[in-house]
Amino acid sequence: MALKPTGTLSGGVSAPDQPMVTDFEGVDVFIPGSSYGAKADRAGNWSLTGVPEGRFTLVAQKPGLGRAATYDVQVSAGGVTKVSSLGLSLNMPTITGLSVPNGAKGTEFIVYGTNFGASAGTTLQLTLNGALLTAVRRVSDNELRFVVPTKSLSGPVVVLVGGLLSNDWPFVVVDDRLSLGREWATVMPGRPRQLQAHVWDTEGLRVDRPRVEWAVTGDKATIEAG
């Protein structure tokens, strides 16, 4: 069995929104989806040892103080990576869902969530797979709309509001390729057929349950649910 080289992460936590807080003992610092975690001491210092080499998301949270997150933290084998202070906030932007899980380039979609900073006029950035999106409309504190750029790749959607990072939400960018199943060739007037669309993402992988819009022509042509 091959063991992957490991390293150490260390840093501190703070509460910029609550400057009167000086005791950070018990704040949980962890890598989501893993068993790697630690608790901060009274001064907010923490350390994660034995973390496999690679890049990870890091989260800190405690009831009453809020949550903080940072992404793409690099762990180097045999080394110690110092992480910038994780600023806990009760007003962390949070993504709760997308209007659809996948879509084609040039199409507009909706990000649902909380604390998107519209009412306060806080600065906003939206990224897809780490790339900054420019065609973003902030409708409200709970809704953003974005257009998938022509050169986008599938990956997580992340919101940055006033320096605070949200959780990430997966989004699949659909390639321009689309084909219909063989049953298309047998469509005839008066004989309804269920058609299947086959769609791939930008990595060449088949998309499960793709979002497809149909358009038909002809006086007798109709589309039924399903």
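Select Phe 109 and Phe 171 to begin, since both residues are buried, where buried means under 20% relative accessible area, exposed means over 50%, and partly exposed lies in between, with a 1.4 Å probe and protein chains only. The model on your screen is predicted, so local features are reported at pLDDT of at least 70 and side-chain atom pairs at pLDDT 80 or more, whereas totals for chains, interfaces and linings use all residues. Residues are numbered from 1 along each chain as its sequence is written, and side-chain values use heavy atoms, with hydrogens and water left out.

**Stop 1: the phenylalanine rings**

Rings of Phe, Tyr and Trp (its six-membered ring) pair if their centres lie within 6.5 Å, and the planes count as stacked under 30 degrees apart, as edge-to-face over 60, and as tilted for the rest. By this rule the count comes to three aromatic pairs. In one of them, the rings of Phe 109 and Phe 146 have centres 6.2 Å apart and planes at 50 degrees, so this pair is tilted. The two residues come from distant parts of the chain, with Phe 109 in strand E11 and Phe 146 in strand E15, 37 residues apart; helices (H or I, at least four residues) and strands (E, at least two) are DSSP runs, numbered from the N terminus. Phe 109 has a relative accessible area of 2%, and Phe 146 is also buried, at 0%. Turn next to the rings of Phe 109 and Phe 171, whose centres are 5.5 Å apart with planes at 55 degrees, so this pair is tilted as well. Here too distant parts of the chain are linked, because Phe 171 belongs to strand E17 (residues 164-180) and lies 62 residues from Phe 109.

**Stop 2: the sheet that holds E11 and E15**

Colour the open sheet of four strands that runs in the order E9-E11-E15-E14, with antiparallel pairing; two strands pair if DSSP finds at least two bridges between them. Its edge strands are E9 (94-98) and E14 (136-140), each of which pairs on one side only. From one strand to the next the twist averages 30 degrees, with axes taken as lines fitted to C-alpha atoms (for helices over the stretch in contact) and angles running from 0 to 180 degrees between N-to-C directions. Between E11 and E15 (residues 143-147) there are five bridges in the antiparallel sense, and Ile 110 stands opposite Arg 145 in E15.

**Stop 3**

Most residues other than glycine have a negative phi. Asn 115, however, has a positive phi of about 60 degrees, and it is partly exposed, with a relative accessible area of 30%. Then select Asn 129, in the loop between E12 and strand E13 (131-132). Asn 129 also has a positive phi, near 55 degrees, and is partly exposed at 37%.

**Stop 4: the sheet of E3, E2, E5 and E6**

Move to another open sheet of four strands, with the order E3-E2-E5-E6 and antiparallel pairing. Strands E3 (37-39) and E6 (66-75) stand at the edges with a single partner strand each, so one side of each is left without a neighbour in the sheet. The twist in this sheet averages 20 degrees from one strand to the next. E5 (residues 54-62) pairs with E6 over eight bridges in the antiparallel sense, and the bridge partner of Arg 55 is Gln 74 in E6.

**Stop 5: the nonpolar cores**

Which residues touch the most other members of the largest nonpolar core? Select Leu 9, Val 13, Val 27, Trp 46, Leu 48, Leu 58 and Leu 86, out of 21 residues in that core. A nonpolar core is a set of buried Ala, Val, Leu, Ile, Met, Phe, Trp, Tyr and Cys residues joined through side-chain atoms within 4.5 Å. A second, separate core of 17 residues includes Ile 95, Leu 98, Phe 146 and Val 173.

Return to Leu 86, which, leaving aside neighbours within four places in sequence, is in contact (heavy atoms within 4.5 Å) with residues including Val 13, Val 29, Trp 46, Leu 58 and Ala 68. Finish at Ser 10 in strand E1, which counts as buried at 14% relative accessibility. Not counting residues up to four places away in sequence, Ser 10 touches Trp 46, Ser 47, Val 80, Thr 81, Lys 82 and Val 83.
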